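Dear colleague,

I am handing over the structure below, followed by some notes on what was found in it. Please read them alongside the coordinates.

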Amino acid sequence: HTLRRLIQGWCLANRPNGIERTPTQKKIATAQQELNLVREISLGSPNLSTMRELNDMAREQAQSRKNMLEAGVLPALASSITRSLVVSNPKSPSKLDKAAEALKILAFLCESENAIMGWNPTLQQLSDIAWLLANDFQSRLNAVRVLNSVQLSSEMKRTLVETHGLLDNLVQMVKDNRCPKALTASLTLLHDLLSVSSNRVRAAEAGAVQAVVE
């Protein structure tokens with residue numbers, strides 16, 4: 001292991017001379033390791049490194065994603081977001097970082113084929129995800145991606161629109177037009193929420209019409 005690190009260090013030091021860093025072979029996670037991570041998230045408030053380890057595993061292998069989904073990673077992540085936001089100081093950077101990391105994994109997995117089958121998020125979990133629209137751009141995009149992946153009932157749509165700042169932040173994403181993916185996702189969610197007639201007035205008050213026209 002020490003020799004491998006020395007070689008990597010030499011490659012980095014000689015990059016100006018055209019030397020490329022040798023790729024580091026990653027260890028393949030076992031199903032038991034994946035299960036343990038999901039269990040840790042389910043049972044309590046995991047640290048940020050645990051979330052990042054889970055994220056790496058999910059992105060590396062389709063089999064890892066399958067194992068995690070079967071172990072109940074989606075409800076575990078959603079519950080973790082809620083726990084992070086209901087602590088005594090929900091605006092603490094460390095708590096928001098954990099919630100944002102959980103949301104990032106959740107958004108990635110929700111867009112996997114058939115990932116959300118069997119997952120029925122509670123209204124509280126969806127409201128907490130919607131609340132993260134007030135966070136940084138990547139969290140806003142991830143929140144929209146998750147909400148787009150869930151089949152929302154009319155009651156859920158009415159309640160979500162009442163989440164503080166949801167429509168304002170959603171309209172702002174449309175106005176900002178940071179990237180095609182964010183714009184498409186934001187317009188898709190906005191269109192879905194407006195299927196409930198009572199939400200249309202709120203959206204108009206938030207400037208949705210002007211944002212879409214522009």
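D192 is part of helix α11, which covers residues 180-193; helices here are DSSP runs of H or I with at least four residues, numbered from the N terminus. The model is predicted, so that local features need pLDDT of at least 70 and side-chain atom pairs count only at pLDDT 80 or more, while totals for chains, interfaces and linings use all residues. Residues are numbered from 1 along each chain as its sequence is written, and side-chain values use heavy atoms, with hydrogens and water left out.

Although they are 35 residues apart along the chain, D192 and K157 have C-alpha atoms separated by 8.2 Å. Leaving out residues up to four places away in sequence, D192 touches L152 and K157, where contact means heavy atoms within 4.5 Å. With its neighbours within four places set aside, K157 is in contact with L152, D192, L193, S195, V196 and N199.

Helix α8 (residues 137-149) has 13 residues, which at 1.5 Å a residue should span 18 Å, and its end C-alpha atoms, 19 Å apart, agree with this; the expected span is 1.5 Å times one less than the number of residues. Of the 13 residues in α8, 11 are buried, among them F137, R140 and R145.

Best regards

Conventions
Helices (H or I, at least four residues) and strands (E, at least two) are DSSP runs, numbered from the N terminus. Buried means under 20% relative accessible area, exposed over 50%, partly exposed in between (1.4 Å probe, protein chains only).
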